[in-house]
Amino acid sequence: MPITILPPKQTPQPSLPPHDIDSDSDSSSSNGGADLSLSPPSRKSHNNNNNNPLFTNLVTPGTLITPDPQWMRGHGTYIPPSHPHTIFSSLAGITTRTNKLISVTPLRSRYTPEVGDLVVGRIIEVQAKRWKVDINSTTLASLPLSAINLPGGILRKRTETDELQIRTFFSEGDLLVAEVQSLFQDGAAVLHTRSLKYGKLRNGLFVAVSGQSGGSGVVRSRRQVWTMEGRNGGGKMDVILGVNGYVWISKHVETIAKELEQKHMGITNMEENVSAGVYSSQNDGIDGGTMREMARLRGVVVALVENGCRVDEDMILRGYEEACEMALMMGEGGVEDVYLGGERGEELVRGLRGR
Amino acid sequence: MPLDTSTYGLALLRVDGRRWNELRRIHAQIRTQAAADGSSYLEMGHTKVMCVVTGPSEPGPRRGAAGGAAGGGGGAGGQSKDAEVVVNIVIAGFSSVDRKRRGRGDKRTLEMQSTLANTLAATLHTHLFPHSQINISLHVLSQDGSLLAALINAATLACVDAGIPMTDYVTACTAGSTSTYAANDEGADPLLDLNHQEEQELPGLTVATLGDSDRVVALVCESRVQISRLEGMLAVGVDGCKQVREILDQVIKAQGQKMILEGTVDKGTGLNDMDLD
């Protein structure tokens, strides 16, 4: 990504030292212009941010939130040993309150996993009985061998044979979609892929955007996975929005569940019909139209993030419509124009916000 | 050209036209690099520094092998309970007036790395991220004195941008004295925020404090100075740090306000709404 360095602005005049400014002649010598007295620090109260009511909940590290002992401290806050019962902020962010619990949501941070989150990850390391998966969190997540579906859908204990064949399921660099099953004490996540919705990813492209708590980025929502029609002759596309800010856009492939439905087979033996194909790393053929629409969709996601919008199903669908219209407006060969960076991205987001 | 400090007492102005208690122009920006977890760019006068923070994240595979050679490791290394703070400083060859190539093992750079790592490890809440690593890379683009102070300020901004919890801002600035050690002048006055010329000629120190308290978290003095002058210099330095904190705080708040106005973050439910239920 490019480095952006803005031209310098007029900075506000630094506040003058508390001492009388007229006495700044050199005769004031040793007591200088500063105060080293041991008086308690005059911390700022939370409501001197600005007069705008919108900004009253904006705090920065070291801001006093409340000296009242009735509140409990949550994430993003701390109680210094020197001031018991006094809650200070440790992050730049927005205060949120749940009953008596006060926490600070950071303006931006890494992804913090929570049980039940849908995440897209990449295998970093293969160990004897588990994989280590990068999910954009502070530590690598672990995916135990026992938490995946075996090809063929057999339900049995994992044996040494499986351990020896661990790379036939996932190997380094593979992308997968999984769910957070539990959390370790230190916040590291344990994943599972024991559903037909989860598993290895192929036939598509990967986009990393900032995570859920980053303001702009993927937000937790009702639907994180959906299938949409590609316009301009593109086929169906699947979109997976990982809560961790990893996005997967792929060509839609009819799932086994659909096939079974057509064959009028029961849902109970669905698991048994998981073919060996689920762990294939071979891409299917993707036609040019679908590829182009997938690239356009990626452009929409990146443009949304760059311009500080939330990334969810509604925004992406509307953004995609807008992008298609923009491409058509470009006229000749416009359909081919999938570029949505820079000014075109801004135009897209302006169009979205204008509605 | 040697710095003529004889005029300092008379004209009350320094070579660059400042008074004894004035900071240079500070310009700061955060979120300069979209791909990084946290980033900042800071100018203190003509000292220009860029900072990128990666993490907290899983430590790289070369853990243990490199040991102390891989920059300053603050806190305890290894599989410790706390996150490890690793600082890496790169000083560009073109950053100073005389083009100098500094290798990776340059002692002065290593010293600054470990000072910075220890300072930040003490202030960041590293206990929240066990078994992980916070990588701070700093690039010096231009040098004009107060380099360590600029590095500390830039690193603080980038850590705030990365959303790493910390006790308070760590802000730093330099202070000096108007006459040299050799002059043995008892009546020498303190100076705030030394530039390169002053730093070469006059005794000076770098002081970093925590927030707007008087708690000093780092104090580096590399020149000879009479102990009687130290108190005045320290007092001026600590006061400068508070001014710097205000400026940095404005930068962070401006970014937060921009994000609220754009609607990328919620307004939040705060203490003002608290008596509703």
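**Helix packing, cores and a buried loop residue**

Visitor: At what angle do helix H4 and helix H6 of chain A pack?
Guide: In this predicted model, helix H4 spans residues 288-306 of chain A and helix H6 spans residues 342-354 of chain A. Their axes lie 9 Å apart. The packing angle is about 80°.

Visitor: Are H4(A) and H6(A) roughly parallel or roughly perpendicular to each other?
Guide: Angles of 65 to 115 degrees count as roughly perpendicular. The angle here is about 80°. H4(A) and H6(A) are therefore roughly perpendicular.

Visitor: Which residues in H6(A) are met by H4(A), and how many of the contact residues are nonpolar?
Guide: From H4(A), Val300(A), Ala303(A) and Leu304(A) meet Gly345(A), Leu348(A), Val349(A) and Leu352(A) in H6(A). By class, one residue of this contact is polar and none is charged. The nonpolar residues number six.

Visitor: Is Gln224(A) buried or exposed?
Guide: Gln224(A) sits in the loop between strand S15 (217-218) and strand S16 (225-229) of chain A. Beyond residues up to four places away in sequence, Gln224(A) touches Leu118(A), Val219(A), Val239(A), Ile240(A), Leu241(A) and Val243(A). Buried means under 20% relative accessible area. With a value of 10%, Gln224(A) is therefore buried.

Visitor: How many residues has the largest nonpolar core?
Guide: Residues with the most contacts inside this core include Leu42(B), Ile89(B) and Ile136(B). Leaving aside neighbours within four places in sequence, Ile136(B) is in contact with residues including Val53(B), Val86(B), Leu120(B) and Cys159(B). A second, separate core has 30 residues, among them Met228(A) and Ala303(A). The largest has 77 residues.

Key. Residues are numbered from 1 along each chain as its sequence is written. Chains are lettered from A and ligands numbered from 1 in the order in which they are written. This is a predicted model: local features need pLDDT of at least 70, side-chain atom pairs count only at pLDDT 80 or more; totals for chains, interfaces and linings use all residues. Side-chain values use heavy atoms; hydrogens and water are left out. A nonpolar core is a set of buried Ala, Val, Leu, Ile, Met, Phe, Trp, Tyr and Cys residues joined through side-chain atoms within 4.5 Å. Buried means under 20% relative accessible area, exposed over 50%, partly exposed in between (1.4 Å probe, protein chains only). Contact means heavy atoms within 4.5 Å. Helices (H or I, at least four residues) and strands (E, at least two) are DSSP runs, numbered from the N terminus. Axes are lines fitted to C-alpha atoms, for helices over the stretch in contact, and angles run from 0 to 180 degrees between N-to-C directions. Angles under 35 degrees count as roughly parallel, over 145 as roughly antiparallel, 65 to 115 as roughly perpendicular and the rest as oblique. Ala, Val, Leu, Ile, Met, Phe, Trp, Tyr, Cys and Pro count as nonpolar, Asp, Glu, Lys and Arg as charged, and the others, Gly among them, as polar.
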